[in-house]
Amino acid sequence: MSKAETERILIAGGGIGGLALALALAKAGRPSLVLEARPEFSIAGAGIQLGPNGTRILQQLGVAENLAPLAGVPEAIHVYRGTRGTQMARLPLGNWIARRHGAPYWVAHRADLHAALLEAARKNDLIEIEMGFSAVSVAEAGDAVTLRSETGREVRGAAVVGADGLWSRLREHVKPGAAPVFAGASASRIVLPAERAGRLAESAVGLWLSAGAHVVHYPMRGGREIAVVVIADETWQSRVWDAEIDRAHLGRALACFTRELEDVLLEAPGWRRWSLHRLAQLPQWNAGRCVLIGDAAHPMFPYLAQGGVLALEDAVELATCLVALGTDVANAFALFVSRRRERAARVQAASARNGRIYHMQAPMSFARDATFTAAPGTLLMASLDWLYGWKPTA
């Protein structure tokens, strides 16, 4: 192999986690080759919430400045009774959470976040990006790995990182047979012009709770657009990220909400949906010179809005371990996993718990609503200090 090949890290997947890892490695002088399965990057997608544990990393990677003009800074999370539309709680964000954790809480379009990461990566001489490379297998020999694509193309490097998402192909190398299973719910998304969003056009994250379903919305792109997600318990399932959804199906998901909300959302064209899946805890995320990060290792339910942020956390922690241990890649991967497994499992569990709380049926929902109504919003947010206060290892 050439000297460049012996040093570079192969990253299968050019999403949020993959690009963030490439940038974190480059800051430490380590080259990488990002291999993206798609022939070109798509602008499709939904909104994303970025807690202080995520925006702190974007600042560290040098991409926060480019994303800031397109990000929203919500003042609070407003929790509503879905059937009535009455507000039960106001959980502070804005200046309160920025002061508490030293970084802001942002909401943005996922495409804008990806574009900011991609622009920074393309400007960095230590990062190569190759499109149309769908990684299917890994072969190790001595101090190198060879990654093979569906078309038979092979590339070589010092190690390979599977940042290829929920339906990771490289997971088979680490844990053969491990695959996601349907979780009994789907998420439908749309981006609305603010002028057509009615009551949803507020400078806050809105959270509407009802039996077996909830709705989340927040402003993006300077408040000009409102991202909306409807998550409902149901039997429809698919591996497609952007399946079509008809008005009748959406109407069934929204039937348990106030007419005010239902009317605004049913009028909007262009809804897309995906089904939620869970993955049993993997006994390991690494095997030799291959390691998994993000959804490939520990997919998250969306009920805590941490999937993308945990991929950012993984990226900077993995880069730290690789830089610290140099050519000892296998031990660097083992160190990374030891630092991240407990954290990821805790976030997964908290997210799943939120989902159960959000979708409670009566009479349990009465106790939930009473808690939201009575508890101070600052106290509820302070209970998440362990989540938002996370900082990368020095």
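Ala 305 is found in the loop between β19 (290–292) and α10 (307–325). Helices (H or I, at least four residues) and strands (E, at least two) are DSSP runs, numbered from the N terminus. The structure is a predicted model, in which local features need pLDDT of at least 70 and side-chain atom pairs count only at pLDDT 80 or more, while totals for chains, interfaces and linings use all residues. Residues are numbered from 1 along each chain as its sequence is written, and side-chain values use heavy atoms, with hydrogens and water left out. The phi angle of Ala 305 is near 55°, a positive value in a residue other than glycine. Ala 305 has a relative accessible area of 22% and is therefore partly exposed; buried means under 20% relative accessible area, exposed over 50%, and partly exposed in between (1.4 Å probe, protein chains only). A positive phi, near 50°, is also found at Arg 221, again a residue other than glycine. Arg 221 belongs to the loop between β14 (213–220) and β15 (225–233).

Six strands form an open sheet with mixed pairing, in the order β7-β2-β1-β11-β19-β18. Its edge strands, β7 (127–131) and β18 (286–287), each pair on one side only; two strands pair if DSSP finds at least two bridges between them. Within this sheet, β1 (residues 9–12) and β11 (residues 159–162) run parallel and are joined by four bridges. Ile 11 stands opposite Val 161 in β11. Strand β2 (residues 32–36) contains Glu 36, which at a relative accessible area of 7% is buried. The side chain of Glu 36 makes a polar contact with that of Arg 38, at 2.8 Å. A polar contact is a pair of N or O atoms within 3.5 Å; within protein, one must be able to donate a hydrogen and the other to accept it, and residues adjacent in sequence count only if both atoms are side-chain atoms. Neighbours within four places in sequence aside, Glu 36 is in contact (heavy atoms within 4.5 Å) with Gly 13, Gly 14, Gly 15, Phe 41, Glu 130, Met 131, Gly 132 and Phe 133.

A polar atom of the His 277 side chain lies 3.2 Å from the backbone oxygen of Ser 275. Beyond neighbours within four places in sequence, the contacts of His 277 are Leu 166, Trp 167, Pro 180, Val 181, Phe 182, Ala 183, Ser 238 and Phe 301.

Strands β4 and β5 run antiparallel and are joined by five bridges. The two strands form a hairpin with five residues between them, and Gly 85 in the turn has a positive phi of about 80°. His 78 stands opposite Arg 90 in β5.

The peptide bond from Ala 362 to Pro 363 is cis, with omega near 10°, and Pro 363 is found in the loop between α11 and α12. In helix α12 (residues 364–374), the buried residues are Ser 365, Arg 368, Asp 369 and Phe 372. Viewed down the axis of α12, these residues fall within an arc of 95° and so line one face of the helix; the arc is that of the directions from the helix axis to the C-beta atoms. An α-helix has 3.6 residues a turn, so residues three or four places apart point the same way. The face of α12 turned away from the buried side carries the exposed residues Phe 366 and Ala 374. The buried residues of α12 pack against β4 (76–81), β5 (87–92), β13 (205–210), α11 (329–358) and α13 (377–382).

Helix α12 also takes part in the second largest pocket, where it gives the most to the lining, with four residues. This pocket has a volume of about 210 Å³. Of its 13 lining residues, Thr 83, Ser 365, Phe 366, Arg 368 and Asp 369 lie nearest its centre. Both β13 and α12 supply at least two residues each of this lining. One cavity of 30 Å³ or more is found in a search of the whole structure. The largest cavity has a volume of about 40 Å³, and is lined by Leu 279, Ala 280, Gln 281, Leu 282, Trp 285, Ala 297, His 298, Pro 299 and Gln 348. On a 1 Å grid over the protein atoms alone, a cavity is a set of points where a 1.4 Å probe fits but cannot get out, and a pocket is an open set with protein on both sides within 12 Å along at least five of seven lines; lining residues have an atom within 4 Å of a point. Grid points are joined across faces, edges and corners, and a volume is the space filled by probe spheres set on the points.
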